[in-house]
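Here is a colleague's note for you to read beside the model. Please keep the sequence and the 3D view open while you work through the points.

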Amino acid sequence: MTLLVHTYVRGRSGEDHFLEDPEHGLTLAGFESSRTKLWGAPPVRELGARFFPELATANLCVDPEDVPAFLAECELLRDHIAELAAHSGYADDYVAARLANITAAAERAQDVDGGVIVW
């Protein structure tokens, strides 16, 4: 299985609507094993991340009001790509590309007052 990242907006009646996906490959957030080997791993937790570690046990849903904090967390992880890659066993490029996809989804969400889901 593969983790995917999508952007959504919340309708007036509370239902979520996914935005159109970007080009193929830009919704990839990692292998299923990335939940525990990367995003929910101890080095991410030790950096103080609060969103990404949720992926170790569940899907991650970032509500629209939390997107700015989530973007800050993405920036925090970006500064530690080599360390996260070394711990996870994934290549630096792999971690950087998956984080870039997640960050891009969060930026799209911020532009439309939407949220992000990684599942």
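1. A nonpolar core is a set of buried Ala, Val, Leu, Ile, Met, Phe, Trp, Tyr and Cys residues joined through side-chain atoms within 4.5 Å, where buried means under 20% relative accessible area, exposed means over 50%, and partly exposed lies in between (1.4 Å probe, protein chains only). This is a predicted model, in which local features need pLDDT of at least 70 and side-chain atom pairs count only at pLDDT 80 or more, while totals for chains, interfaces and linings use all residues. Residues are numbered from 1 along each chain as its sequence is written, and side-chain values use heavy atoms, with hydrogens and water left out.

2. The largest nonpolar core has 30 residues, and those with the most contacts inside it are Trp39, Phe52, Phe70, Ile102 and Val116. Among the elements that give two or more residues to this core are strand 1 (2-10), helix 3 (67-78), helix 5 (92-111) and strand 5 (115-118); helices (H or I, at least four residues) and strands (E, at least two) are DSSP runs, numbered from the N terminus. Helix 5 gives the most to this core, with seven residues.

3. Contact means heavy atoms within 4.5 Å, and, leaving aside residues up to four places away in sequence, Val116 touches residues that include Val5, Leu60, Phe70 and Ala105.

4. Helix 5 has 20 residues and reaches 28 Å from its first C-alpha to its last, close to the 28 Å expected at 1.5 Å a residue, the expected span being 1.5 Å times one less than the number of residues. The buried residues of helix 5 include Tyr94, Leu99, Ile102 and Ala109, and its buried residues pack against strand 1, strand 3 (28-31), helix 1, helix 3, helix 4 and strand 5. After helix 5 comes Asp113, whose phi is positive, near 55°.

5. In helix 4, Ile81, Leu84, Ala85 and Ser88 are buried. They cover an arc of only 100° around the axis, which puts them on the same side of helix 4; the arc is that of the directions from the helix axis to the C-beta atoms. An α-helix has 3.6 residues a turn, so residues three or four places apart point the same way. The buried residues of helix 4 pack against helix 1, helix 2, helix 3 and helix 5, and just after helix 4, Gly89 takes a positive phi of about 90°.

6. Pro42 lies in helix 2 (residues 42-46) and is partly exposed, with a relative accessible area of 42%. Pro42 and Gly89 are 47 residues apart in sequence and 14 Å apart in space, C-alpha to C-alpha.
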